[in-house]
Amino acid sequence: MGGATMDKEPILEVKELKTSFRTERGKVTAVDGVSFDVFKGEILGVVGESGCGKSATAQSILRLYDEKQAIHEGEICFEGKELLSLRPSEMDKVRGNDISMIFQDPLSSLNPVFTIGNQIAEAILIHKNVSKREAYARVLELLRLTGIPAPEKRIHEYPHELSGGMRQRVMIAMALACESKVMIADEPTTALDVTIQAQIMSMIVELNQKLDMGVILITHDLGVVAEVCTRVVVMYLGQIVEEADVKSLFTRPLHPYTQGLMKSIAQLDCDRSQPLHVIKGTVPSLHQIPEGCRFAPRCPFADDLCRSKMPPLEQYGTGQKARCWHAATISEEGEAIRA
Amino acid sequence: MTISSENIDLHAVKSALKKEQNKILFRQIMTNGSLVVGFVIIAFLMLVALFGPLLIAHDPNTMDVLNRFAAPSADHWFGTDNLGRDVLVRVIYGARISMGIGVAVAIIASMAGLIVGIYSSYYKWLDHLLMRISDGIMAFPGLLLALALMAALGGRASNVVIAVSIVATPYIARVVRSEALALKEQTFVEATRALGASDTRIIWRHIAPNTLSSLIVQATFIFAEAIIVEAALSFLGAGIPPPAPSWGNILSDGKTYIYKAWWMTFFPGMTITLAIIGLNLFGDGLRDLLDPHSSKATK
Amino acid sequence: MKTYLFKRLLAAIPVLFIVSTIVFFILQLTPGDPALVILGQEATVDEVEDLRQQLKLDRPIYEQYFNWLFNALKGDLGESYFMNESVIEAILSHLGPTISLGILAEIIAITLALPLGILAARRKGSVTDQSVMAFSLLGMSIPNFLLSLFLILVFSVSWRLLPVAGYAPLSDGLWEHIKFLILPAFALGTAHAALIARMTRSAMLEVLNANYIKTARAKGVKEKWVIYKHALRNAFLPILTVIGQSFLGLMGGTAIVETIFAIPGIGQLIVNGVMRRDYAIVQGAVLYVTFAFVFINLAVDMLYGIVNPQVRLDSKK
């Protein structure tokens with residue numbers, strides 16, 4: 001499991017981040033008051049279904065949205081800088097340099113008309129004052145670091161000439177180019193074959209340990225989370241509903257949504273005669289957010305309080321938080337769910 | 001879960017659904033600026049073309065030799081030309097001619113293009129033959145080809161229609177053909193064939209109707225092109241013979257006197273431009289309405 | 001790459017064949033006897049017959065056709081009926097003006113269109129965007145001969161800045177040469193500028209939505225470079241296609257503009273040829289125009305291969 005050292009001071013602090021978009025049907029708030037910290041050298045998992053706002057959160061951190069369409073509120077503190085108030089030219093310096101990001105589909109995320117050598121070198125040349133030769137030397141180094149064979153040949157190749165796994169390694173190499181302190185990985189393995197997934201994930205863990213680089217790993221795959229993350233944040237409909245270290249999350253999930261997710265994971269040794277567990281209902285659209293607790297319509301434990309008032313994110317024990325009025329009582333029942 | 005066994009009134013459901021769809025369609029049309037503005041312009045011009053001549057007392061060829069080259073005034077809104085004829089009256093009559101030819105070409109080219117396109121998509125050997133000919137026709141600048149055809153056929157309105165239709169048909173045929181080819185691959189065609197439908201039935205009942213939306217959009221642009229080509233032909237003297245006041249002829253007259261009487265060029269010119277703008281807007285709007293996928297790129 | 005080009009050239013041959021056939025037969029259908037027109041109305045029947053025999057107009061159509069075809073393949077396109085030169089000479093001497101005009105028009109079109117299209121894409125939905133689109137609509141809608149007349153009205157008649165018509169070859173001096181070409185080039189180029197601007201805008205919009213643009217921004221690439229390096233390079237392919245097509249369209253458009261501005265180019269040559277029933281000229285010129293068409297298409301394809309590495313590499317396999 002990741003995280004060799006963990007300092008008390010977080011390197012990235014997200015405070016009450018809100019991101020709304022102007023759409024034809026009105027204002028949509030995709031990220032609604034999200035707060036979390038990232039510590040040096042840890043791997044923080046951000047888990048949730050599609051549309052829960054995890055990608056939006058990530059892209060908001062790097063301010064990748066067109067700010068004529070997207071409105072950000074709150075604060076994002078990194079190394080004493082408040083990112084949301086930086087000028088565009090200053091923000092450019094943070095991106096790829098202090099904080100880097102890799103995306104889900106490496107084929108469409110790499111520019112098809114430039115060689116991969118060119119693209120990785122660009123990541124270096126925009127931030128560091130080095131010669132082209134030095135940049136390309138570093139490119140070779142990065143390619144070796146990410147386990148790409150014959151890097152001297154690869155430099156001249158185009159993205160469509162490489163395999164999926166190779167491309168993702170290239171993306172990671174690009175992200176490492178400036179030795180960023182935090183790397184945001186937005187579903188890095190979702191678009192890859194299962195075997196390649198394992199390779200890429202183990203490489204990310206290796207890099208996290210070797211370079212002491214913080215990783216925000218966005219995924220919907222709980223299996224990966226269990227293997228790789230140090231702490232986890234669970235999102236639902238734009239909010240964080242639970243935060244815990246990975247062990248507690250799996251052994252003692254506090255929030256009914258998390259519990260539902262855990263129950264839904266098919267086990268090798270589970271009773272096959274029983275149907276797979278599903279969380280009943282579907283995720284509501286962001287245009288029709290329910291009153292009170294957003295999970296209430298689907299929650300087996302919901303009562304009138306839940307349906308009328310939004311629960312705050314409360315601390316339960318060391319480092320575990322949950323957004324639920326009844327978390328304390330549910331957890332005993334929750335104990336019975338997970339052996 | 002038990003299925004309720006009450007009688008559901010299917011007719012009521014269907015008409016309620018239709019009403020809903022119509023409402024949505026209406027909203028889509030009304031919010032489509034291009035479509036509405038284009039339509040208004042075209043409708044206006046069509047009305048002028050159809051009813052204008054009825055409202056005007058005199059004949060477009062009435063000469064008032066004492067009043068030649070009169071600048072625009074209250075008496076003659078568009079001024080008079082080299083023979084004293086009222087330019088406004090001529091432009092209005094010209095609308096009938098030019099827009100009439102435009103419509104005729106659009107319709108003929110659509111029908112011919114539909115047939116050529118559909119059958120090309122269906123029968124390989126026909127495809128090779130017809131597409132080579134189409135390529136040949138399209139390889140050559142349309143105006144020049146129309147010019148050559150007019151020289152061969154003689155200067156009459158009907159020949160203009162024929163010549164321009166010949167030039168225009170391949171464009172429609174192409175569009176229809178590519179739609180039809182895509183449709184052919186779809187499973188519903190396979191399914192229909194499996195049911196035993198004949199080729200003709202499949203072609204006309206299933207494939208052709210689905211190509212209509214692209215065809216209508218293309219036809220709108222052909223209408224515009226036809227107006228332009230007719231004007232160009234008449235301008236060069238190879239189109240409708242004078243003194244018929246087709247817009248091209250009025251421009252042709254105006255060209256010689258451009259120093260003396262700018263209004264002979266300006267007003268028919270504005271009218272033509274207005275017509276083309278209207279048609280382009282309408283066509284764009286129609287394209288957005290009928291095939292939102294293609295519009296995403298241009299919006 | 002080479003086999004690809006070769007195949008394309010091969011595919012062009014039937015097109016050339018068909019076009020020349022079509023035009024040949026159209027001309028044959030055309031009423032009017034060139035011999036009569038050359039000699040004038042007072043010529044005797046015998047004189048006309050003699051000329052017809054000389055020009056081989058009395059042979060059956062298919063024989064005339066094959067004669068022409070055979071000669072054409074040898075490189076001999078015959079003699080003009082009206083002018084005192086061979087068709088090839090006539091074509092070559094009229095080539096210069098058309099090429100100058102075409103190139104100038106295309107330059108004007110691209111210079112106007114690319115920046116406007118990119119601007120409109122960057123400021124999508126804004127007033128700037130809408131203005132660009134409105135201007136482009138106007139530009140596309142005014143027929144080029146009409147625009148010619150309007151330009152003449154404004155610049156030659158009212159403001160007297162530029163000559164109404166006429167032509168001076170390059171040898172007379174660059175400004176002299178260009179002076180006569182500015183108005184016609186604008187008249188021709190505006191419609192194409194409109195189309196290219198639209199295409200540029202839509203291609204840029206599509207590209208700007210792509211994931212790799214997100215990656216570029218995430219790397220910290222300055223917005224200016226995101227647009228001009230990352231986006232434009234990718235958007236350039238469809239833009240290039242449109243530019244290629246527009247160049248082709250220019251060939252056809254020159255006819256009427258050349259006639260209005262009295263520029264002795266190929267377009268005017270063909271128009272006059274048709275009007276005068278100068279069959280030889282028309283057939284020869286048609287062949288030339290079609291060939292140029294095919295050639296330009298090919299050139300665009302080749303450029304495509306250079307700009308888009310995927311096309312290049314695929315054909316290697």
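Start by selecting chains A and C together: 24 residues of chain A meet 19 residues of chain C in their contact, where two residues are in contact if their C-beta atoms, placed from the backbone, lie within 7 Å. This is a predicted model, in which local features need pLDDT of at least 70 and side-chain atom pairs count only at pLDDT 80 or more, while totals for chains, interfaces and linings use all residues. To find your way, note that residues are numbered from 1 along each chain as its sequence is written, and that chains are lettered from A and ligands numbered from 1 in the order in which they are written.

**Stop 1: the side of chain A that touches chain C**

Stay on chain A and colour helix H2 (88-94), helix H3 (106-109) and helix H4 (116-127); each supplies at least two residues to the side that touches chain C. Helices (H or I, at least four residues) and strands (E, at least two) are DSSP runs, numbered from the N terminus. H4(A) gives the most to this side, with 4 residues. Sorted by class, the side of chain A that touches chain C has 12 nonpolar, 7 polar and 5 charged residues. Here Ala, Val, Leu, Ile, Met, Phe, Trp, Tyr, Cys and Pro count as nonpolar, Asp, Glu, Lys and Arg as charged, and the others, Gly among them, as polar.

**Stop 2: the two domains of chain A**

Now give two colours to chain A: domain 1 (10-98 + 178-333) and domain 2 (107-177), with bounds that come from an automatic or database domain assignment. The centres of these domains of chain A, taken over C-alpha atoms, are separated by 29 Å. Where they meet, 15 residues of domain 1 of chain A are in contact with 13 residues of domain 2 of chain A. Select helix H8 (residues 194-211) of chain A next: it brings 5 residues, the largest share of the side of domain 1 that touches domain 2.

**Stop 3: the sheets of chain A**

Show chain A as a cartoon and look for the open sheet of 8 strands, ordered E6-E7-E8-E3-E9-E10-E12-E11, with mixed pairing. Two strands pair if DSSP finds at least two bridges between them. Strand E6 (99-102) and strand E11 (314-315) of chain A stand at the edges with a single partner strand each, so one side of each has no neighbour in the sheet. Inspect strand E9 (residues 231-236) and strand E10 (residues 239-245) of chain A, an antiparallel pair joined by 6 bridges. There, A:Val234 stands opposite A:Glu242 in E10(A). Helix H7 (residues 164-176) of chain A packs on this sheet, touching E6 and strand E7 (182-186), and its direction makes about 170° with that of E6(A).

Another open sheet in chain A has 4 strands in the order E2-E1-E4-E5, with antiparallel pairing. Pick strand E1 (residues 10-23) and strand E4 (residues 70-78) of chain A to see an antiparallel pair with 8 bridges; A:Lys15 stands opposite A:Glu75 in E4(A).

**Stop 4: chains B and C**

Which of the 2 pairs of chains in contact shares the most contacts? That is chains B and C, with 34 residues of chain B in contact with 38 residues of chain C. H5(B) gives the most to the side of chain B that touches chain C, with 8 residues. The residues of that side of chain B divide into 24 nonpolar, 7 polar and 3 charged.

Zoom in on helix H5 (residues 142-153) of chain B and helix H11 (residues 266-276) of chain C, whose axes come within 9 Å and cross at roughly 10°. H5(B) and H11(C) are therefore roughly parallel to each other, a label for angles under 35 degrees. Show the side chains of B:Leu144, B:Leu147, B:Ala148 and B:Ala151 of H5(B), and of C:Ile270, C:Val271 and C:Val274 of H11(C), which make the contact.

Chain A and chain B, on the other hand, do not touch, and their nearest C-alpha atoms are 13 Å apart.

**Stop 5: chain C alone**

Hide the rest and keep chain C, with its 13 helices and 0 strands. Buried residues, those with 20 or more other C-beta atoms within 10 Å of their own, make up 43% of its 317 residues.

Notes
Buried ≥ 20, exposed ≤ 12 C-beta atoms within 10 Å, placed from the backbone. Axes fitted to C-alpha atoms, helices over the stretch in contact; angles between N-to-C directions. Parallel < 35°, antiparallel > 145°, perpendicular 65-115°, else oblique.
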